Amino acid sequence: MEELQDKGFSACRNSLDIRQSIDGAGEQTFMKNSKTTGGIKNFTTLDSAYEKWVLTRPFQAEYVDALLNQAGLNNTQNKPRKCLRDSAIIKSENNVKGIVNVLKNDFIDPFSGDLDHDKLYNLASGNSVTDDVAESLLTVQECGLLLRNNFFERLNSECSVKDNFFSPIKQVQWKSFTDASKKLKVSAKGKSREITVQRDILGLLAAKSQ
């Protein structure tokens, strides 16, 4: 308990007082600077060569660390978190610019006065849906009540037949905003997959603004 309270199982390698586990610190310092390209592999079966590699590896890790410090490339001291490094910040800023660009160019303002008032718009994408999707969404309550009444009428008519079990309910395919969502094909490692844009971004922003 005393060792835990004294943070004995963690190490701090930066000026931000961000601590991490001892094995994690070892992986990011000694192991990182001692590994070769592709990781540590079984490069020899001779005991003498393996013993020499084990004895010299700590010194090589120190040399690599000193070289990185001299060149100003060692980011693990004052910026232990990857998200705080300059390259990661630039990448994050580019991602934000890309999202803003999509919102401005591929999305439209669903509250704009220039929109066609005869169209039904989706807050998630800001795009108008097709006529069949709009009709399905706007008449869903009316159609649901009609199907409900038809269901009870069928039950009453089938109750008179004792040996006849109720026939199954037929599934109705309703159209929703999902049918009008944008779809994009993404290929990676030889595999292609279709991604559907479903996040209610603008709707969430509108809700938070209220």
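**Figure 1. Contacts across the protein chain.** Among contacts (heavy atoms within 4.5 Å) between residues at least 6 apart in sequence, 39% join residues at least 24 apart. This is a predicted model, in which local features need pLDDT of at least 70 and side-chain atom pairs count only at pLDDT 80 or more, while totals for chains, interfaces and linings use all residues. Residues are numbered from 1 along each chain as its sequence is written, and side-chain values use heavy atoms, leaving out hydrogens and water.

**Figure 2. The whole chain, element by element.** Seven helices and four strands make up the list of elements in the protein chain; helices (H or I, at least four residues) and strands (E, at least two) are DSSP runs, numbered from the N terminus. Read from that end, the order is α-β-β-α-α-α-α-α-β-β-α. The accessible surface comes to about 17,200 Å², by the Shrake-Rupley method with a 1.4 Å probe, where for residues only the protein chains shown count as cover. Carbon and sulfur atoms own 55% of that surface. Of the 210 residues, 16% count as buried. Here buried means under 20% relative accessible area, exposed over 50%, and partly exposed in between (1.4 Å probe, protein chains only).

Figure 3. How many salt bridges does the structure hold? There are two, a salt bridge being a side-chain nitrogen of Lys or Arg within 4 Å of a carboxyl oxygen of Asp or Glu. Side chains of opposite charge can pair when their charged atoms come close. In the pair shown here, Asp131 and Lys119 have their closest N and O atoms 3.9 Å apart. Asp131 sits in helix H5 (residues 131-138), and Lys119 in the loop between helix H4 (86-105) and H5, so the pair links parts of the chain twelve residues apart. Asp131 is exposed at 58% relative accessible area, whereas Lys119 is partly exposed at 36%.

**Figure 4. A salt bridge between Asp132 and Lys175.** The closest N and O atoms of Asp132 and Lys175 are 4.0 Å apart. Asp132 belongs to helix H5, while Lys175 is 43 residues away, in the loop between helix H6 (140-158) and strand S3 (183-188). Are these two residues buried or partly exposed? Asp132 counts as partly exposed, with 38% relative accessibility, and Lys175 also counts as partly exposed, with 36%.

**Figure 5. Gln20 and its contacts.** Look for Gln20 in strand S2 (residues 19-21). Gln20 is buried, with a relative accessible area of 18%. Leaving aside residues up to four places away in sequence, Gln20 touches Phe9, Ser10, Ala11, Arg13, Ala25 and Gln28.

**Figure 6. Asn74 in a loop.** Asn74 lies between helix H3 (47-71) and H4, in the loop. With 12% relative accessibility, Asn74 counts as buried. Which residues does Asn74 touch, not counting residues up to four places away in sequence? They are Asp65, Leu68 and Asn69. Ten residues along the chain from Asn74 is Val64, and the C-alpha atoms of the two are separated by 9.8 Å.
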